[in-house]
Amino acid sequence: MTGRNQTAITEFLLQGLPIEPEQKHLFYALFLVMYVTTVLGNLLIIFLIRLDSQLHTPMYLFLSNLSFSDLCFSSVTMPKLLQNMQSQVPSIPYAGCLTQMYFFLFFAGLEDFLLVAMAYDRYVAICFPLHYTTIMGPKLCLSLVALSWGLTTLYAMLHTLLMARLCFCADNVIPHFFCDMSALLKLSCSDTRVNDLVIFTMGALIVVIPFLLIVTSYARILSSILKVPSARGIRKAFSTCGSHLAVVSLFYGTVIALYLCPSADNSTVKEMVMAMMYTVVTPMLNPFIYSLRNRDMKGALGRVFCRKIFSPYL
């Protein structure tokens, strides 16, 4: 088996979502609206942070990168899903499948690390407010962003290269709406023990450790607040951390439930629904969470909007 050409299969067929034919147009319209909302919402946050000088702070540097990651994360799967819903043969080339898998892993990992950086930023802001500008200097912030991009590049490349060495010589139907790594491994006719070991090891490094770092940061924040309990301090902490906690809960809740706490009765349909949550729903909701709960973002929207309207008359 291992001597056979891995490109014996030149394309895969994406089974897609289990939608009845008479409901396909309705779901197509729904997913299209969700994708357009995701793109516009995240672009709005990126442009606001870019255009408003008051948002040129470490927190919003991380947020702009998170919005870019969300926009690209959704774009990895949604356009192909929409295209296949209108196609009689929902196929994807072998090289296209590996490319989709690479960028899926890349932007999922990037979001993971950016959420850790944002948690650390909130920890410093609340626990060391007098030293915040000194600790969270431009050099550290840019280093954290660069480290996030670099680590996720290596992570995604490692999995993609390991997948590229496998042979696919029989079934080519992927029971998913995108080239999910676990679904591809089930189709391989090669020995996948190395892939499984790397997935288990890297899963601990990329998901569990960042999640524990975020939990530790917020445990320290909670401890700091309880040392000097005051209604004003608690309100400030919730206004500072509420949006980030909501995003962390959405992202890690579905990822941990799907990959780290699988149940024996996990069906393909259930896995696809949960995958839709963190690949489609979470990137769409993040702009609303940050804009509706954040006075700085709403203030920046007003300033930029007024500047564009009234500046020609001044």
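Predicted model: local features only at pLDDT ≥ 70, side-chain atom pairs only at ≥ 80, totals over all residues.
Biologist: How many helices and strands does the protein have?

Modeller: There are ten helices and three strands. Helices (H or I, at least four residues) and strands (E, at least two) are DSSP runs, numbered from the N terminus. Along the sequence the pattern reads β-α-α-β-α-α-α-β-α-α-α-α-α.

Biologist: Why is the link of Cys97 and Cys179 called a disulfide?

Modeller: A disulfide is a pair of cysteine sulfur atoms within 2.5 Å. The sulfur atoms of Cys97 and Cys179 are 2.0 Å apart, so the pair meets that cut-off. A search of the whole structure finds one disulfide.

Biologist: What parts does the pair tie together?

Modeller: Cys97 lies in helix H3 (residues 94–127). Cys179 sits in the loop between strand E3 (173–174) and helix H6 (181–187). The pair therefore ties together parts that are 82 residues apart in sequence. The link is left-handed, with -125° about the S-S bond.

Biologist: Are these cysteines buried or exposed?

Modeller: Both Cys97 and Cys179 are buried. Buried means under 20% relative accessible area, exposed over 50%, and partly exposed in between (1.4 Å probe, protein chains only).

Biologist: Why does Cys141 count as buried?

Modeller: Cys141 has 3% relative accessibility, so it falls on the buried side of the cut-off. Of the 314 residues of the protein, 47% count as buried.

Biologist: Why is Arg50 called exposed?

Modeller: Its relative accessible area is 68%, so Arg50 passes the exposed cut-off. Arg50 is in helix H1 (residues 24–51). Arg50 and Tyr60 are ten residues apart in sequence and 9.4 Å apart in space, C-alpha to C-alpha.

Biologist: What about Ser64: buried or exposed?

Modeller: Ser64 has a relative accessible area of 16%, so it is buried. Ser64 belongs to helix H2 (residues 58–85). Its C-alpha atom is separated by 6.8 Å from that of Ile49, 15 residues apart along the chain.

Biologist: Why is Val215 called partly exposed?

Modeller: Val215 has a relative accessible area of 41%, so it falls in the in-between class. Val215 lies in helix H7. Val215 and Ala119 are 96 residues apart in sequence and 8.7 Å apart in space, C-alpha to C-alpha.

Biologist: Why are the rings of Tyr102 and Phe106 called stacked?

Modeller: Rings of Phe, Tyr and Trp (its six-membered ring) pair if their centres lie within 6.5 Å; planes under 30 degrees apart count as stacked, over 60 as edge-to-face and the rest as tilted. By this rule the count comes to 18 aromatic pairs. The rings of Tyr102 and Phe106 have centres 6.2 Å apart and planes at 20°, so the pair is stacked.

Biologist: Where do Tyr102 and Phe106 sit?

Modeller: Tyr102 and Phe106 are four residues apart in helix H3, separated by about one helical turn. Tyr102 is buried at 15% relative accessible area, and Phe106 is buried at 5%. Ring pairs link Phe68, Tyr102, Phe103, Phe106, Phe107 and Trp149 into a cluster.

Biologist: What makes a space a pocket?

Modeller: On a 1 Å grid over the protein atoms alone, a pocket is an open set of points with protein on both sides within 12 Å along at least five of seven lines, for a 1.4 Å probe. Lining residues have an atom within 4 Å of a point.

Biologist: Which elements line the second largest pocket?

Modeller: The lining includes Phe113, Tyr120, Leu147 and Ile214. The elements giving two or more residues are H3, helix H5 (138–164) and helix H7 (193–227). H3 gives the largest share, five residues.

Biologist: How many lining residues of the second largest pocket are nonpolar, polar or charged?

Modeller: Ten are nonpolar, two polar and none charged. Ala, Val, Leu, Ile, Met, Phe, Trp, Tyr, Cys and Pro count as nonpolar, Asp, Glu, Lys and Arg as charged, and the others, Gly among them, as polar.

Notes:
Residues numbered from 1 in each chain as written. Heavy atoms only, no water.
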